[in-house]
Amino acid sequence: MTLTSMRALAAGLALAAAAAATPLAAQDSNTVTDTEWEAANDPFIWLEETRSDRALDWVRGENAKTEDALQTDPRFEELKAEALAIYNADDRVPGVSFTHYGLINFWQDADNPKGILRRTTMESWRTDEPEWETILDVDALAAAEDKEWVYRGMSCLPPDGTRCMVSLSDGGKDASIQREFDLETLSFVEGGFELPESQGGSSWLDQDTLLISRNFSEETTTESFYPLTTRVWKRGTSIDDAEEIFRGEKADVSAGAYLLRDGEAVIHGRMAYRGLSFHERAYYFEKDGEWLRLNIPEKANPYGIIDGQILFSTDVDWTRGEQTFPADAIVAADLEAWKADPNGAEMTLVWAPGERQTKRGGGSTKSSMYVNLLDNVRGKVLKFDYQDGEWVSEEIALPENATVGITTTSDETDEIMFAATDFLTPTRWFYAKDGVTLEQVKESPSRFEPEGMEIEQYEATSKDGTKIPYFIVKPKGMVMDGTTPTLLTGYGGFQVPRLPGYLGSTGKLWLERGGAYVLGNMRGGGEFGPEWHQTAIRENKQRTWDDFIAIAEDIQERGFTSAAHLGIQGGSQGGLLVGTAFTQRPDLFNAAIVQIPLFDMLRYHLIGRGASWIGEYGDPRIPEQKAWIDGYSPYQKLTEDQDFPRIYYVTSTADDRTHPSHGRKAAARMAANGQDYLYYEDMQGGHSGGVDNEQRAKLQAMQWVYLMQQLMDEPTPGEELERAAPTAN
C-alpha cells in the first residue's frame, strides 16, 4: 500500500495517489444508503447522517459529557500544556524538500496555527536560524475567505516549477479544491486554473494544459466514490468541455491517467490504471493512439525511471518468459525497448528481498536510485546505478538498529537527505552532496528524558503458531509484577508497516510518568513484505486480531503488565483492530481508545467508500464472505450480556475517509446496553485529527487523562464492577 516517491513518476502518480492512496475513505454525501431491514434492526442508523440536526445534537451532548469526565481532571491542563509546548517549539527542525525554486518547508506554530509554506536556501537551512521567505500564508488566506483551510500540498510544472496547483481542504477533509499559483509573484493566478472540491488530482502537461481526475458527476465516479475518468483541460476553455482521454469502469475502486516522465522532465508517453480492487490494478500504456493493457501482475506497478531503464515493483511472483521474479522484487527493462514493445521487452532483476526483508519506498537523484528497506523491522537504504549493462548497489552508511528513511532528493543534482531515529533517540538528519558521503547536519531536540528507559524486542506466538514480533519501551529494571501501566498499539492492515519512531509527546506525557509502550507488528501490515500482508486479509483477517491478542497475552505472561493496567489504542484500520480485541477478549484490557474506526463491518460497504476496501476484508453482500466478517465485526459484538472495560471512542465530523458513524453507533449501542464508555467527536479536524496544534494538544491530553484514569489510578471499592448507563437518543 505504500507509494514510492520515485522522481520519474512523481507527477503522474499524483493522480493515482490522490485517487486511492489512503487505506480508508468515507463519503462526500451526508447520508448513507438505507434498507428496510437495516432500519428495522439498527436503531442507530440515523447517526450515519453526518450533519443532520439530530445527529449533531447527539454529538454535542456526548462531547460535553466526555469533556466533563476528562478536562476537569487536574492533570488535563498540565498534559495539554506539555503537548502544546512540543508541537509549537521554536527549536523543531524544519523538514525541507529540494525543489527547483528552493528548499520548501510547511510550518505550524502558535503564531501560524494553520501554517505557512516557506522557502530558504541550503546554506541558510544548515544554520541554527535559517532565513525564510513566505510563499503562502494559510492563516491569512483562511481569514480573508472565511474558510477553515488546511494545506494539502502543491504540484508544480517541471522542470522550472514556477506554476503550481495548490490543494486546500476545507476543515481537514480528504476532498480538496485546487488553485493555480505563481511562484514568481507568490500569488494565485487571476483567472487561472481552479478545480472545485473533489477527490482526485491534477498534473501538468504544459503551462497551459492539465490532466485532471475529478468527480465530475455520478457517471464519472466509481461505486467507491472515486474518480474514474481523466480529462485534458486547456487554459481558457470550460472544464465541462475538457477532452476525456481515459475511462475506467463503475465497479473499479478508482481509475486515471498520468504522464510517464523521466528525471529530466521528458515525457515518454501516457500511462493509465484501473483499480480493480484496493490491492489489484490494471495498467495501460498509450501506444499508437490506443490504450494497451500491460501484461504485468495485477499486484505489480511502475516504480520509476533511472539511467534509461524503466522499473517495476511486484508484490507477487512474476513469471516473464523463462524467468520468475520473486514477490517484492524490483525489475527493469530498457526504456526505449519497452516503449516499442511494452509486453515483449526483456526484463532484468534489480533487487530481491532476503529473509525478513522488504522495501518501503525510495527516491532518486539526478544519477542514482535509492531504495529504503526494512530488515527485521530495522531500516537500511541501498543506492542503485545501472552501469555497463548491470545493476550495482551499495548500502548507505546510516545508523544501525534504527528507523531510517529518505527525506528528500534533488532532481538536478546528486544531493539527498536521510533521517534516522528510534523510540528514544530524536531524529538525526544526514546530508550527502554526492549521494553517498554522509554529514550529520541537524538533530531534533529531546522532548523527554530517556535516561532509565530501554527498548527491547520480543515475539509472541499467535493462535496458529506464527511468531509475531513486538517492541516494548519500558523502565530499566522494571519490576515484573504486572503493575506497570502499559499502552499497546498497532495497525495490521493494507501492507502498512508500523515502525519505531521517536516518541516525543508520548515520552513526555506517558513514559516519564512511569508508563510503558508496546508496538505490535501483526500480520496484515507491511513489516515483512507482501506475504506478511496477504496472509492476513479477507477470509484470513482474523489472523491480524489473533496476533494482537497474542501480544497482549504475551506481555502479561512475561509480567510486563496485567489486564488491570493494559490499554490498547489504534486509529482507522487500527481502530477496527482495537474493536475486535476488546470485543473478543475484554478480559485482557482495562482501557481501549478506538480512533476514527471501522466498526460496523456488516455494513461498511454501504458507508461511504467502504466498497473500496473489499480487497482487504471481503464483501458482506456475498454469504460466504459475510460469514468471515460476521465472525469479528465489533459493532454486532456489543451485546448487553458482556462486561467491557470503559471504552473511549474518538472520531471527526469532517473525516471523509472513515465516516464518524462507525464510532457514533458503537457508543450509542453501549449506552443502550447500560455499558460505560466515552465518546468525543472532533468537529473541526479531518482523518488525522485536529487542524492546528492547539486542537491536537487538547485531543492528546484528553486521551492520556483517560489512560491514566483507567490504568494508573487506584479504583475505588467496587468500581471495577460498576458500569454507567448513559442515555441513548
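**Close-up views of salt bridges in a predicted model**

**View 1. Arg60 and Asp57 form a salt bridge.** In this predicted model, the closest N and O atoms of Arg60 and Asp57 lie 3.2 Å apart. Both residues belong to helix α3, which spans residues 53-70, and because they are 3 residues apart in that helix, about one helical turn separates them. Arg60 itself is partly exposed, its relative accessible area being 45%.

**View 2. Arg75 is joined to Asp73 by a salt bridge.** The closest N and O atoms of this pair are 3.0 Å apart. The two partners fall into separate accessibility classes: Arg75, at 22% relative accessibility, counts as partly exposed, whereas Asp73, at 10%, counts as buried. Asp73 is placed in the buried class because its value is under 20% relative accessible area.

**View 3. The side chains of Glu512 and Lys508 meet in a salt bridge.** Here the N to O distance is 3.3 Å. Glu512 has a relative accessibility of 35% and counts as partly exposed, and Lys508, with a relative accessible area of 25%, is likewise partly exposed.

Notes:
Residues are numbered from 1 along each chain as its sequence is written. This is a predicted model: local features need pLDDT of at least 70, side-chain atom pairs count only at pLDDT 80 or more; totals for chains, interfaces and linings use all residues. Side-chain values use heavy atoms; hydrogens and water are left out. A salt bridge is a side-chain nitrogen of Lys or Arg within 4 Å of a carboxyl oxygen of Asp or Glu. Helices (H or I, at least four residues) and strands (E, at least two) are DSSP runs, numbered from the N terminus. Buried means under 20% relative accessible area, exposed over 50%, partly exposed in between (1.4 Å probe, protein chains only).
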